Amino acid sequence: MKVYTKTGDNGTTSLIGGRRVSKSDIRLEIYGTLDELSSFLGMLKCNTIPDDDIRNISKIQEILTKINMLYASPDEATVAKFQFDTKDILWMEAEIDRISVTLPPVTDFLIPGTNRANALANICRTICRRAERNVYKMQLFEIQQKAAVFLNRLSDYLFVLGRKLE
């Protein structure tokens, strides 16, 4: 099977279900940004970081793949075919709390880059924030809104993870 199809040569692509849209459609911006985030999370895992953080990042990448399907769907009926477990939001909050209790209070703006892992965690955080901003440029179905809440928590998680990795 060839990787190239030539169907996008005119500036359009297919959403889940086959509906063609412009490559500038906000859905593509969202799932492209989440794909970028997942790639940088993969790079973060390649650093010398604790095993529990590697496991968490792998789980986050799996969740992001599911979230991508929600935003790559053209209508509510297609979105309804996919699941987003709101327990993932609770898990993310628990991880933020678990890490936060080990850190000193923030008293000033933090400058990323105390080491490679810290810098990458902060790159991931900013990409996640961009994805979240883009999500709110579209009309959200209920399950997409829940996924947006996860993205908000994820950026908070990446902030505390970056602090932990300093």
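The largest nonpolar core has 42 residues, and L37, I67, Y71 and L154 touch the most other members. The model described here is predicted. The elements that give two or more residues to this core are the helices α1 (26-45), α2, α4 (87-100), α5 (116-135) and α6. Of these contributors, α6 gives the most, with 9 residues.

**Packing of α2 against α6**

- Helix α2 spans residues 51-71 and helix α6 spans residues 142-164. Their axes lie 11 Å apart, and the two helices pack at an angle of about 155°.
- Angles over 145 degrees count as roughly antiparallel, so α2 is roughly antiparallel to α6.
- The α2 and α6 crossing is left-handed.
- On the α2 side, the contact is made by D52, D53, N56, I57, I60, I63, L64, I67, L70 and Y71. On the α6 side, the contact is made by I143, Q144, A147, A148, F150, L151, L154, Y157, L161 and K164.
- By residue class, the contact of α2 with α6 comprises 15 nonpolar, 2 polar and 3 charged residues.

**Packing of α4 against α6**

- The axes of α4 and α6 cross at roughly 20° and come within 9 Å.
- Angles under 35 degrees count as roughly parallel, and α4 and α6 are therefore roughly parallel to each other.
- The crossing of α4 and α6 is left-handed.
- From α4, the residues D88, I89, M92, E93, E95, I96, I99 and S100 take part in the meeting with α6. Their counterparts in α6 are K146, V149, F150, R153, L154, D156, Y157, V160 and K164.
- The contact of α4 with α6 is made up of 9 nonpolar, 1 polar and 7 charged residues.

**Two individual residues**

- Y71 is among the residues that touch the most other members of the largest nonpolar core. Leaving aside residues up to four places away in sequence, Y71 touches R27, I30, Y31, L34, V135, M138, L140, Q144, A147 and A148.
- T33 belongs to helix α1. With a relative accessible area of 1%, T33 is buried, because buried means under 20% relative accessible area.
- When residues up to four places away in sequence are not counted, T33 touches I127, R130, A131 and N134.

Methods
Residues are numbered from 1 along each chain as its sequence is written. This is a predicted model: local features need pLDDT of at least 70, side-chain atom pairs count only at pLDDT 80 or more; totals for chains, interfaces and linings use all residues. Side-chain values use heavy atoms; hydrogens and water are left out. Axes are lines fitted to C-alpha atoms, for helices over the stretch in contact, and angles run from 0 to 180 degrees between N-to-C directions. Helices (H or I, at least four residues) and strands (E, at least two) are DSSP runs, numbered from the N terminus. Angles under 35 degrees count as roughly parallel, over 145 as roughly antiparallel, 65 to 115 as roughly perpendicular and the rest as oblique. A crossing is left-handed if the near helix is turned anticlockwise from the far one by less than a right angle, and right-handed if clockwise. Contact means heavy atoms within 4.5 Å. Ala, Val, Leu, Ile, Met, Phe, Trp, Tyr, Cys and Pro count as nonpolar, Asp, Glu, Lys and Arg as charged, and the others, Gly among them, as polar. A nonpolar core is a set of buried Ala, Val, Leu, Ile, Met, Phe, Trp, Tyr and Cys residues joined through side-chain atoms within 4.5 Å. Buried means under 20% relative accessible area, exposed over 50%, partly exposed in between (1.4 Å probe, protein chains only).
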